[in-house]
Amino acid sequence: MRTPAIVIVLLSLAQAAVGQIETTQYFMTSLPQVIESNPAFMPKYGFALGLPFSRISAYYANSGFNYNDATRRENNKRILDLDQLQSALPEKTYITNASQVDVFRLGLRFGSNFYLSLHSSVRGYTQSMMPKDVVALVAGGTAAYVGKTANLSPAFHGMTFWETGVGIGFAPFEKLRVGARLKKLYGAHGVQTELSDISLSVADNYAINVTADAHIRTSGVQDPELIFSNYLNNSGWSGDIGVTYKLLPKFTLAASIVDAGFLKWTNNVYDYTLDKETANFNFSGLDVQDLLDGNTDSFDQQLDSLAENFTPVDAPGSAFSMMLPAKLYLSGSFDVTKSFTIGGVFFAEQFMGRTATGWTTALNKNFGRVLSTSLSYTLSNRSHNNLGAGISLNMAPFQVYIVGDNLLRAPVSLVKTGYVNEFVNSTQVFNVRLGVNFVWGWKKDVAPSQEEDNSKSYNSGKKEKTKPINEDNSKSYNGKKSGAKTTSNTRKQPQARKKKQPAHIRARQKR
Amino acid sequence: MLRRLYSLTGSLGLILLFSCVDRSDYVLDEVSLNPSMALPLLKGSLSVSDLLENADPSVVKVYPDGLVYFAYSQELESEDIRDLFTIPDEFTNVSFILPGAVLPSIPQDIKTDSISRTIGFNMDPERIDEAKLRKGEIGYVTSIFPASSSLDYEIRISLPTFISGTSVPLNAAVKGTGAISLDNYTMFLDDNNFPLKVVLVLKRRTTPVVIAPGTSINVQLSFRGFQFSYIKGFLGEQSASLDPDEVEMGDFGDLFEGADISLAQPKISLSVTNENGVPCLVDFTTLEARKEGSAPLQVILSPANPVSLNYPTVMGSSAVTAISIANVNDLLEYAPTSLGYQALATINKGITAGDNFILDSSTLKVKMDVEVPLYGHASDITLRDTVDIDLSQVDGSEIAKASLKLKITNELPLDGLVQLVLLDGNYRPLGALLGDDQVYILRGSQVDASGELLKPGLYDAMIELSKEKIDRLFGSAHIIIMLDLRTSRNASGGAQDVKFKSQYSVEIEAGILADLKLRIQ
């Protein structure tokens with residue numbers, strides 16, 4: 001009875017916005033990049049090499065609205081309906097964009113349970129926040145704010161940096177696997193909204209008061225020349241840690257924290273500020289005395305002062321630090337068969353004081369070792385229509401892959417209407433990563449904790465029908481055992497298959 | 001190789017992506033929004049003193065307690081009394097008769113004979129004791145008969161009561177023809193008379209001179225061209241008629257025209273400033289309020305006409321006589337545009353002796369002072385003004401509904417109905433903007449029994465304007481602003497006297513609440 005309650009809580013949390021988390025890939029162990037979510041994970045391939053552009057990823061998430069929320073069709077016209085948009089928005093809309101390009105990646109498995117990884121990537125991340133009141137004020141006017149204050153405080157954080165890391169994963173105990181990764185960071189551009197307090201108040205007599213108190217730190221924004229050595233001054237560290245635990249023979253729990261770290265910005269640091277002492281404007285109407293005096297310029301003078309008072313002042317600033325968007329993954333996966341897994345992952349991201357959560361349920365199927373697929377459903381960013389998919393063509397030594405959390409509706413839309421507009425217009429979350437890896441040595445799960453379970457999974461009836469997989473599985477299985485035991489284990493498999501059938505099959509046989 | 005593969009893949013991906021997108025779906029044809037805007041329009045406090053800034057400060061004034069009053073003052077100056085007096089010219093001849101003889105030589109000048117006499121100015125009824133001269137002279141002509149005589153002589157003139165500006169009595173030696181200046185001399189007279197002494201002096205000679213029998217030396221003196229700075233003495237009983245004149249009251253008379261007004265403490269007064277040091281009685285033979293198209297209104301004075309004026313007892317000073325007007329309310333109700341007057345001034349009326357003086361600059365100034373404190377009650381004060389408006393740049397159809405939020409905190413004891421009448425370009429009425437239940441906007445303050453402010457009047461309401469009226473407003477070209485005002489009523493609704501003070505203000509806050517339907521192409 002506890003499980004449904006936990007699920008409800010997790011699903012509720014998933015309504016909140018989430019940043020750059022791509023979870024369809026989370027269960028795709030065929031990809032060397034799977035360790036990005038949890039350094040304790042063990043990829044299928046014992047050797048992986050990624051050259052520049054072996055991974056290109058782009059991410060967009062809008063926690064507030066999609067195109068259909070903002071527009072409607074009427075009399076064959078596309079109308080931007082701000083009332084409709086306003087009603088769709090949450091109190092704060094977060095728009096996140098992220099991208100990553102791998103420069104180099106190397107994954108090596110040593111022995112049966114030790115995995116070493118090296119990687120170097122260029123990453124970019126921006127997150128902007130827009131309060132609902134901004135749109136409400138434009139669409140609904142000021143009347144709704146009489147006697148109230150509208151929060152117009154936007155926020156923007158962003159960074160581009162170069163990341164180089166080394167990670168290891170190993171199994172200290174039979175059912176436990178742990179991993180860690182240390183990453184050195186060099187920043188190129190950084191923007192951090194240190195303070196943003198912009199408000200508009202409407203008094204009972206309709207007098208309007210606007211005040212702004214803002215402080216934005218930047219690095220590299222005003223740098224006219226892109227000198228690489230300058231960027232080496234912006235440096236930092238981050239780390240990933242992860243753990244997996246085989247709770248039941250077919251049920252594995254995993255937890256990880258990724259991108260826990262910071263970047264210190266020292267190069268070309270400029271601050272942009274608005275001081276509330278000067279950045280304020282009060283308009284109570286035209287002055288009666290001015291009107292009587294025929295001073296018609298007073299309103300223009302007020303507008304001029306408004307523009308002047310609200311012009312940010314930029315000045316060289318002091319060094320500052322930015323935390324990376326740290327992520328937390330909590331997952332559970334159930335091996336229905338040796339090649340078919342059902343998994344669920346709750347994820348959260350912490351960035352600049354904001355915690356965003358989401359939930360993904362995924363089905364993962366390996367069709368032999370040639371094709372690995374994933375289907376997922378993700379709840380995040382107040383978005384419920386995210387059907388994700390992932391596919392990797394494993395033609396060793398080449399592996400081509402594409403994965404996305406909201407990919408699947410695109411072809412559906414295309415087939416249905418001839419265009420992908422239906423998909424685009426209803427999308428709040430979209431991410432895709434694709435690339436080409438050089439891989440060798442497909443291995444089955446090799447962690448000691450999984451060793452017996454692999455054999456159990458292998459015994460399932462469905463798997464027997466696919467010979468290549470059986471062969472592959474046997475190889476993989478052999479791979480888990482080191483040295484001379486490999487052969488004997490392989491030979492014992494048929495016996496084990498007869499002895500240990502899944503419970504539901506045994507129950508069916510009894511009937 | 002790999003890079004080419006990437007490029008090819010990327011290009012194909014982009015082409016595929018864009019070929020699958022109907023880009024026309026992302027062209028926005030219209031922006032729709034229906035904001036309800038609450039915006040401030042006006043704010044400010046307008047005090048009476050603010051309004052008075054543009055008023056003529058010589059007309060609108062404030063008492064120390066802040067009570068505003070209208071003041072009008074006009075002064076007319078008369079020199080008619082001073083002009084009664086002039087010092088006439090006087091002449092006298094003196095002759096010295098010499099016996100026939102041979103006069104021996106003499107080593108120095110010798111005074112031989114002198115003649116003294118009293119000269120009097122022919123002035124009546126004045127009896128002058130002293131006169132300071134600004135201008136004047138003594139003309140002289142001396143001659144010897146027979147003219148062939150070679151006797152050398154000179155004439156010495158002595159006027160001991162003619163004192164120069166340096167306090168020196170006049171003594172002069174003359175011969176032939178000439179003039180002695182009396183500028184800045186002071187003549188001390190005895191009832192217009194002064195003493196004169198003329199002396200004959202024979203000049204030094206080294207040879208004897210033969211004087212024929214019948215020889216004489218003649219002197220002609222003329223006192224002439226007098227202009228006095230002042231005269232002192234008894235000036236006698238004399239009258240001067242002051243020229244008829246008019247005191248203009250300008251627009252002041254129109255100020256309350258048409259209104260039903262009762263002023264509590266209006267004051268109109270005449271003051272006469274007398275610089276002539278002589279008792280004077282002024283008889284206003286004409287004193288009346290005038291305006292075009294109406295019969296003049298007699299002004300009744302207090303004290304009653306004729307009025308005895310105060311006079312100064314020290315030269316250079318003046319004395320003021322205040323005369324008030326008994327029928328002030330009748331006068332203000334009459335709303336005159338001018339006051340006309342004519343007067344006869346009589347000095348030393350019935351007086352036979354005294355010490356008077358008059359300066360050549362002495363005047364009689366008649367000044368009218370009007371003070372109308374804004375203290376009283378009034379009704380039916382109607383103000384009208386027509387203003388042009390141009391709302392052609394605004395699309396009124398975008399306004400679905402509008403309300404004017406108005407808050408007026410009024411310290412003035414003035415109630416008012418406000419109406420805006422809309423007119424088209426040809427000044428044809430389109431209708432009133434406000435309904436009958438919306439026009440009572442200006443709420444007068446409450447005052448106590450002495451007219452002082454007790455509590456400001458407050459109007460705080462929304463004035464809703466229907467779509468029909470908004471359309472009418474946007475179709476109009478002119479607006480007549482109509483104000484019907486009256487002073488605050490008492491608790492039972494009756495009239496009561498109120499005061500308008502400079503510190504009283506009207507605080508206005510106006511905003512508009514409008515529902516808009518915007519379709520931006």
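**Salt bridges and their surroundings**

Modeller: Start with B:Asp109 and B:Lys203, whose side chains form a salt bridge at 3.0 Å, N to O. B:Asp109 sits in the loop between β6 (101–103) and β7 (110–120) of chain B, and B:Lys203 in the loop between β13 (193–202) and β14 (209–211) of chain B, so the pair ties together parts 94 residues apart in sequence. A salt bridge here is a side-chain nitrogen of Lys or Arg within 4 Å of a carboxyl oxygen of Asp or Glu. Side chains of opposite charge can pair when their charged atoms come close. B:Asp109 is partly exposed, at 34% relative accessibility. The classes are buried (under 20% relative accessible area), exposed (over 50%) and partly exposed (in between), with a 1.4 Å probe and protein chains only.

Some ground rules come next. The model is predicted: local features need pLDDT of at least 70 and side-chain atom pairs 80 or more, while totals for chains, interfaces and linings use all residues. Residues are numbered from 1 along each chain as written, chains are lettered from A and ligands numbered from 1 in written order, and side-chain values use heavy atoms, without hydrogens or water. Helices (H or I, at least four residues) and strands (E, at least two) are DSSP runs, numbered from the N terminus.

How confident is the predictor? pLDDT, its per-residue confidence, runs from 0 to 100. Chain B averages 87, and 93% of its residues score at least 70. The complex gets an ipTM of 0.74 and a pTM of 0.67.

Back to the pairs. Over all chains, the count comes to 40 salt bridges. B:Glu154 pairs with B:Arg156, the closest N and O atoms 2.9 Å apart. B:Glu154 is buried, at 14% relative accessibility. B:Arg156 is partly exposed, at 32%.

B:Lys405 and B:Asp460 also form a salt bridge, with their closest N and O atoms 4.0 Å apart. This one links distant parts of the chain: B:Lys405 is in strand β29 (residues 399–410) of chain B and B:Asp460 in strand β35 (residues 457–465) of chain B, 55 residues apart. B:Asp460 is partly exposed, with a relative accessible area of 44%. In chain A, salt bridges with shared partners join A:Arg123, A:Glu163, A:Arg181, A:Lys183, A:Asp240, A:Asp259 and A:Lys327 into one network.

A:Asp297, A:Asp300, A:Asp304 and A:Glu308 make a patch of negative charge on the surface. Patch residues have over 30% relative accessible area and no salt bridge; like charges are joined within 9 Å, nonpolar side chains (Val, Leu, Ile, Met, Phe, Trp, Tyr) within 5 Å. A:Asp300 lies in helix α7 (residues 298–309) of chain A. A:Asp300 is partly exposed, at 42%.

Last, the backbone. The peptide bond from B:Ser302 to B:Pro303 is cis, with omega near 0°. Another cis bond joins B:Asn305 and B:Pro306, with omega about -5°. B:Pro303 is in the loop between β21 (301–302) and β22 (307–309) of chain B, and B:Pro306 is in the loop between β21 and β22 of chain B. B:Ser167, a residue other than glycine, has a positive phi near 65°. B:Ser167 is exposed, at 59% relative accessibility.

Technical notes: pLDDT is the predictor's confidence in each residue, from 0 to 100. Accessible areas come from the Shrake-Rupley method with a 1.4 Å probe; for residues, only the protein chains shown count as cover. Lys and Arg count as positive and Asp and Glu as negative; His and the chain ends are not counted. The place of a charge is taken as NZ of Lys, CZ of Arg, CG of Asp or CD of Glu.
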